[in-house]
Amino acid sequence: FPLLKGVRGSKEADIEALVDCIVRFACLVSDLPELAEGEINPLMVLSKDKGAVAVDVRLILGGE
């Protein structure tokens, strides 16, 4: 968390955007029972009020 708040002269990250991404990903998992695996790597959290960018996403369907 200290890294997200900005240390050693770095800018504060867009924590709201990070939280939004986490919540939306959780909703996706909840809404799609056929989703067997999901990964966002990396998720780049930009400076405050600049958002976040999912650079690569992997979703695997299967199961139910």
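Start by selecting Glu-37: at 47% relative accessible area this residue is partly exposed, a label for anything between buried (under 20%) and exposed (over 50%), using a 1.4 Å probe and protein chains only. Glu-37 sits in strand β1; strands here are DSSP runs of E with at least two residues, helices are runs of H or I with at least four, and both are numbered from the N terminus. Before you click on, note that this is a predicted model, where local features need pLDDT of at least 70, side-chain atom pairs count only at pLDDT 80 or more, and totals for chains, interfaces and linings use all residues. Residues are numbered from 1 along each chain as its sequence is written, and side-chain values use heavy atoms, with hydrogens and water left out.

Stay on Glu-37 and show what surrounds it. Leaving aside neighbours within four places in sequence, Glu-37 is in contact (heavy atoms within 4.5 Å) with Arg-58, Leu-59 and Ile-60.

Next, follow the chain to Pro-42, in the loop between β1 (35-40) and β2 (43-45). Look at the peptide bond joining Asn-41 and Pro-42: it is cis, with omega about 0°. Most peptide bonds are trans, and most residues other than glycine have a negative phi.

Two stops go with that second point. Arg-8, in the loop between α1 (2-5) and α2 (15-31), has a positive phi of about 50° and is exposed at 86% relative accessible area. Asp-49, in the loop between β2 and β3 (52-54), has a phi near 70° and is exposed too, at 67%.

Now pick Asp-14, in the loop between α1 and α2.

For the salt bridges themselves, the count comes to 2. Select Lys-5 and Glu-12, whose closest N and O atoms are 3.2 Å apart. Lys-5 is partly exposed at 40%, and Glu-12 is partly exposed at 25%. Then go to Arg-24 and Asp-20, with their closest N and O atoms 2.9 Å apart. Being 4 residues apart in helix α2, they are separated by about one helical turn. Arg-24 counts as exposed at 58%, while Asp-20 is partly exposed at 35%.

Last stop: colour Met-44, Leu-46, Val-53 and Val-55, which make a nonpolar surface patch of about 320 Å². Patch members have over 30% relative accessible area and no salt bridge, with nonpolar side chains (Val, Leu, Ile, Met, Phe, Trp, Tyr) joined within 5 Å and like charges within 9 Å; areas come from the Shrake-Rupley method with a 1.4 Å probe, and for residues only the protein chains shown count as cover. Val-55 lies in the loop between β3 and β4 (57-61) and counts as exposed at 54% relative accessibility.

Note on methods
A salt bridge is a side-chain nitrogen of Lys or Arg within 4 Å of a carboxyl oxygen of Asp or Glu.
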